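Today I want to look up how two chains meet.

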Amino acid sequence: MAKYSVNLILAKKNESDIFVKLKIIFPLVALGILLLFLLGFGLTVVYINANSHRFNQIKSEVSIYENKINSLKEVEGIYTLTSGRLNVLDQLMTGSFTFDKLLSEINDMNSPDIKISALSIDSKGNLNLHMTASSSAVLDDLVAIFISRQDKKLFSDIKAAGITRDKKGGYSLNINLNTNKTLLE
Amino acid sequence: MNYMLNIFKLIRQYEIVIASNLVIIVVLILANSFIAPNMKKAAQISRQENVLKKQLAFLKEKHAALSKLDKNSYQNNFSKMNVILPDTKDYVSLFNTFDKLETQNQVSITRTGFQLGIVSTSSAKLTKAVNSSAYVLPLNISVVGNLPSIQNFLISLKDLSGRLITLEKLDFVFNINGNLELNASGQAYFYPFAGTIGGIASPLPKISGRTAELLGKINSLPELSPDMDANINVNLGKKDLFQ
């Protein structure tokens, strides 16, 4: 009988170095990624739970303070309305005039020889006076008075018109001028 | 058949590498499905938390400010302000103001004039004041008195003791006996209440500077007297002519 031999030893396959390294690296990378995933997932769940709890706490605090403020809505209403009206009042009073300083200034010109019979003033400071002077000398004094007021910057753009002389030597005239706004306050 | 055998041989040869890649792919898919949404949710919660923290700080500040306010004091001052600047045309308070000005300043108010349509009807066109949200009631007034009383009268119009009236044009006539006759045109004002005040989250307006000074002046005004006409009995005429 012929002998048959069976070689039970498997032939060693020749593998490249790269392939051998890949057989070690890939499983390690897979294991690493799997562990990272598990860690990451766990951390996100814990973070969300913790943050949700804190978020809900802050939300309930907000709700408490909203209720407290709601209970004070009458006070808030009165305060808000007061503030609004104060602002409007302030707007109205700013730039409004009493004219009393101007009246005092004009009245200082009145004397036995100089009479002011009429006065007209508007909020822009345009002033119109109807005056009488008892003589030409008094008229000179009147002019000097106006010039001195102009030098003090109380009056400006002073114009005289309609000057008439009566039989007794007195003069009546109209004076138009602009006043300094400080006199209107 | 040989083809399939070859494929199985390849798989057997590279089974470790293939399995590892499968694990990596599955983990990446799971990460995209679970971790990415969780991270988005965490970022959203963090953003909302910051917004809520700011809101909470604002509400605490507003509550602290409101708790310090003296409600009765503000109510009193509001009533006084409503006399100075009412919410309606209220020509009655104008007449009350003129009566008070006459008495206080020793002047005689000889004539008052209003644009009747504006005062008595709601259909007239209303004008707003320049640089203000208040509505205007044009009026003119004639006053007689001596110079000091006229000056006091002019100051009183603006001293918050009654309805606020501002004058635009004044014409004076100096009488022989030393009295002045003043014919003036100007306006009174009214300011309707706001329809809404604002929600819980709206900030409180600040009263400071000139408005705080104004509030101080109003606070120092005397308290409003109760309605003097409340208890007066007015005898009405006969209901029956034959009594």
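I began with polar contacts, meaning N or O atoms within 3.5 Å, one able to donate a hydrogen and the other to accept it, with sequence neighbours counting only if both atoms are side-chain atoms. The rule gives 18 such residue pairs across the interface of chain B and chain A, both residues at pLDDT 80 or more.

Next I asked which elements of chain B supply at least two residues each to the side that touches chain A. They are helices H2 (15–68), H3 (71–84), H6 (147–156) and H7 (210–220), plus strand S3 (165–174); helices (H or I, at least four residues) and strands (E, at least two) are DSSP runs numbered from the N terminus. H2(B) gives the most, 29 residues.

A note on provenance: this is a predicted model, where local features need pLDDT of at least 70, side-chain atom pairs count only at pLDDT 80 or more, and totals for chains, interfaces and linings use all residues. Residues are numbered from 1 along each chain as written, chains are lettered from A and ligands numbered from 1 in written order, and side-chain values use heavy atoms, without hydrogens or water.

I then looked up salt bridges (a Lys or Arg side-chain nitrogen within 4 Å of an Asp or Glu carboxyl oxygen). Five cross the interface of chain B and chain A. I checked Asp90(A) with Arg210(B), and their closest N and O atoms are 3.0 Å apart.

Last, the strands: S1 (residues 114–122) of chain A and S3(B) run antiparallel, joined by five bridges. Asp122(A) has Lys169(B) as its bridge partner there.

Conventions
Pairing = 2+ DSSP bridges.
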